[in-house]
Amino acid sequence: MSIVVTGASGQLGRLAVEALLDRGVPASDIVATGRDIDRIKEFADRGVVVRRADFADPDSLTAAFEGADKLLLVSTTTVDERVANHRRAIDAAVAAGASLVAYTSMSHADTATTILASTHRATEEYLRERGVPSVLLRNSWYLENYMDQLQLVLRNEAVVGAAGRGRISAAARADYAEAAAVVLTTEGHVGAVYELGGDEAFTLTELATAISAAAGKQISYTDLPADEFARALTDAGLPADLAHVLADADLGMSRDELFTGSGDLSRLIGRPTTSLADAVAAALR
């Protein structure tokens with residue numbers, strides 16, 4: 001059995017490879033792929049098969065996926081290239097005869113109205129169009145999206161966003177990666193749609209409160225109109241296109257499009273998900 005993981009040089013893909021190894025999958029049965037294989041050399045040193053896969057190069061995907069039984073298709077990061085990239089990867093998986101494609105989609109991709117959701121919805125539709133045996137891992141937001149900004153939040157004494165009172169079922173990347181590994185190593189998931197998220201949803205006001213409690217200083221939440229939030233992101237150094245996408249995502253949060261009460265994530269991994277309090281405490285260490 002060969003399990004191929006795309007984007008193994010990225011944060012989620014790397015964790016997925018580690019989760020497969022932790023679950024006892026022999027290293028020789030795992031194929032870690034990335035555009036720059038030097039970035040995943042440590043996997044090769046541990047016996048994992050490492051192959052180059054560039055989503056813009058169909059031939060590289062065909063070679064990388066050769067012999068694949070199962071594929072973890074980790075969604076690519078460049079939003080305006082995502083759908084075309086995913087279609088090429090799905091075509092290569094079909095050519096390889098993969099028995100399962102697990103795709104890291106987004107919460108409520110079939111109904112959510114954000115720019116990000118539309119790209120995931122198009123990928124899900126293409127999986128159905130090609131008749132690929134698949135499972136949809138609809139991930140909510142990452143806790144790390146907030147923890148990585150914690151020092152900036154502490155300096156400014158504010159969480160800034162445009163999510164209003166929307167609830168966000170954020171979870172740790174490691175939790176999502178573990179769920180993917182479970183799906184890839186157990187049976188009965190073909191055709192499943194998992195709405196994955198943390199056990200305890202929170203608003204950005206509650207995020208600010210959690211940071212306040214852990215840091216011992218008052219942190220407030222400043223809710224901005226989406227266009228002002230986008231400007232704040234560009235002022236902080238983000239490209240304008242990305243700032244627009246992230247501000248649009250916050251609007252989706254305000255409509256609870258990144259909330260799920262399904263419990264799917266904790267059921268798959270067999271334990272509670274990483275809590276917001278634990279994530280904040282770890283980030284402050």
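Predicted model: local features only at pLDDT ≥ 70, side-chain atom pairs only at ≥ 80, totals over all residues.
Local features need pLDDT of at least 70, side-chain atom pairs count only at pLDDT 80 or more, and totals for chains, interfaces and linings use all residues. Residues are numbered from 1 along each chain as its sequence is written, and side-chain values use heavy atoms, without hydrogens and water.

Helix α1 spans residues 11-22, twelve in number. From first C-alpha to last it reaches 17 Å, close to the 16 Å expected at 1.5 Å a residue. Its buried residues (under 20% relative accessible area, 1.4 Å probe, protein chains only) are L12, G13, A16, V17, A19 and L20. These cover an arc of only 160° around the axis, which puts them on the same side of α1. On the other side, Q11 and D22 are exposed, that is, over 50%. Just after α1, G24 takes a positive phi of about 90°.

S107 lies in the loop between β5 (100-106) and α5 (115-129). S107 counts as buried because its relative accessibility is 1%. Leaving aside residues up to four places away in sequence, S107 touches (heavy atoms within 4.5 Å) A112, R138, N139, S140, E195, L196, E257 and L258.

Helices α9 (residues 204-215) and α13 (residues 276-284) form a crossing pair. Their axes, lines fitted to C-alpha atoms over the stretch in contact, come within 10 Å and cross at roughly 50°. The two helices are therefore oblique to each other; angles under 35 degrees would count as roughly parallel, over 145 as roughly antiparallel and 65 to 115 as roughly perpendicular. The crossing is right-handed. In α9, E206, L207, A210, I211, A214 and A215 meet L276, V280 and L284 of α13.

Conventions. Helix = DSSP H or I, 4+ residues; strand = E, 2+ residues; numbered from the N terminus. Expected span 1.5 Å × (residues − 1). Arc of directions from axis to C-beta. Axes fitted to C-alpha atoms, helices over the stretch in contact; angles between N-to-C directions. Left-handed = near helix turned anticlockwise from the far one by under 90°.
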